[in-house]
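The sequence and structure come first.

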Amino acid sequence: MAKYVASIDQGTTSTRCMIFTHNGQPVGQHQLEHEQIYPKPGWVEHDPKEIWERTQEVIKVAMRRAGASASDIAAVGITNQRETTVVWNKKTGEAYGNALVWQDTRTDRIVNALSKDGGQDRFRPQVGLPLATYFSGPKIKWILDNVEGAREAAEAGDAVFGNIDTWVVWNLTGGVKSGAHVTDVTNASRTMLMNLDTLDWNADIAAAMDVPVKMLPAIKSSSEVYGYTKNDGPFGGEIPVAGILGDQQAATVGQACFDAGEAKNTYGTGCFMLLNTGTDLVHSKNGLLTTLCYKFGDEPAVYALEGSIAITGALVQWLRDNLKMIDSAPEIEDLAKTVDDNGGIYFVPAFSGLFAPYWKSDARGVIVGMTRYVNRGHIARAALEATAYQTREVAEAMTADSGVELKALKVDGGMVYNDLLMQFQSDVLGVPVIRPKVSETTALGSAYAAGLAVGFWKNTDEMRANWGKDKEWGSGMDSGKREKMFAEWKKAVTRTFDWVENDA
């Protein structure tokens, strides 16, 4: 009898496989990074073939560490970096160039051209999203327009599109032989091509972006059987692939935010706060995204408001890889602790423009307030503080849209083990910050979706019972100081605006 559920968590910088028990505890896992490719300023790419190779490797090691065989696994769930766009040939399995990552800004001209007729919110009533380089639709158009043979193959029905969830599921379920070409509602809601109310592809928007609808995957719920792994695949047997959730929605499920008004914030490459709005489709007036939270089988779709921040953990990675200030990401905390404050500087990491609540693709990163007094410690501290300030901006927009005051913030992701950051986050928000016992809630969320589909978990109450608090930080900052520092941050943000000319 199956005693585990497996989760594949394909993120922006790495791929992880985790094996969970019914109590939501990991019994085996493995993680591998993949290459970040930067061909030009503002361009960010991944090699889809490398991602699939890493996926197979982490599955095999995680299974071995759990002492599990295919017969022990009830189902497999997938969670993924969203918006990252792959176009491949379904007959050969070969991709048309590298994947365009969600951070990539090369589609700015396409976005500007689409915005001329109706503005940045041209499609927002249907899709809940502003026109921005972030989303998949314009990326598909760029690939079809710029990669030789891609458009012809798409028109012929041979080239297909998928975000990374679709790419992984297609390969897991047989690839060119029998691969299921599917996505779920949460990932489809990030393409700018899906109607939020009908949960179908919008043919008019696809036509406006010159994207053939027939190359798009079938839209499914987040929790149902899409296909089966293969005997000659990395799991070594047939297991139902039964859950798909975009990474931030998966973290929301993993945090057991099943009631309207519950929110979580995930600290990864970027930072993403989601507020469950239940079955109500709430359109934002304050720069947030309206998105699908999840849809379990035949149950009604649950929606969310999302605040998306492009660069948080990626800023630490940049200090490590580009400036060589640290040798490993965890060292950022010790370096930041060598000083008592930020030395008067603010670091606004608009490397890919500004996401929520500004949506300015022409912004670029700045450090302001520099003096001879500033040292490496101040830069490290300002980098961590940037994550907390950006989170507060999103939280304020969420309150304005929903009318719900934030009472506490559930947090997860790699950066939540940075005590300095979590304490400052509580200070700048003025509310408690709470970390769960299982902080890898993204992987756990997709496991829940898959397990629910096959009866491994009977309902959301069983999942909620697994959630437990590990640590809580309370605010200790004087409110006057908090507001003064936040006002200075907001001033620093204005210095990033309008840096890139539209014809650059």
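## Basis

This is a predicted model, in which local features need pLDDT of at least 70, side-chain atom pairs count only at pLDDT 80 or more, and totals for chains, interfaces and linings use all residues. Residues are numbered from 1 along each chain as its sequence is written, and side-chain values use heavy atoms, leaving out hydrogens and water.

## Salt bridges

The whole structure holds 30 salt bridges (a side-chain nitrogen of Lys or Arg within 4 Å of a carboxyl oxygen of Asp or Glu). One of them joins Glu306 and Arg82, with the closest N and O atoms 2.6 Å apart. Glu306 lies in strand β16 (residues 302-309) and Arg82 in the loop between β5 (73-80) and β6, so the pair ties together parts 224 residues apart in sequence. Strands (E, at least two residues) and helices (H or I, at least four) are DSSP runs, numbered from the N terminus.

Glu306 is buried at 0% relative accessibility, and Arg82 is buried at 2%. Buried means under 20% relative accessible area, exposed over 50%, and partly exposed in between (1.4 Å probe, protein chains only).

Asp145 and Lys141 also meet in a salt bridge (2.9 Å, N to O); they are four residues apart in helix α4 (residues 136-146), about one helical turn. Asp145 is partly exposed at 39%, whereas Lys141 is buried at 19%. Salt bridges that share partners join Arg82, Glu83, Arg190, Asp247 and Glu306 into one network.

## Helix pair

Asp247, Ala250 and Val253 are among the residues of α9 that meet α14 (contact: heavy atoms within 4.5 Å).
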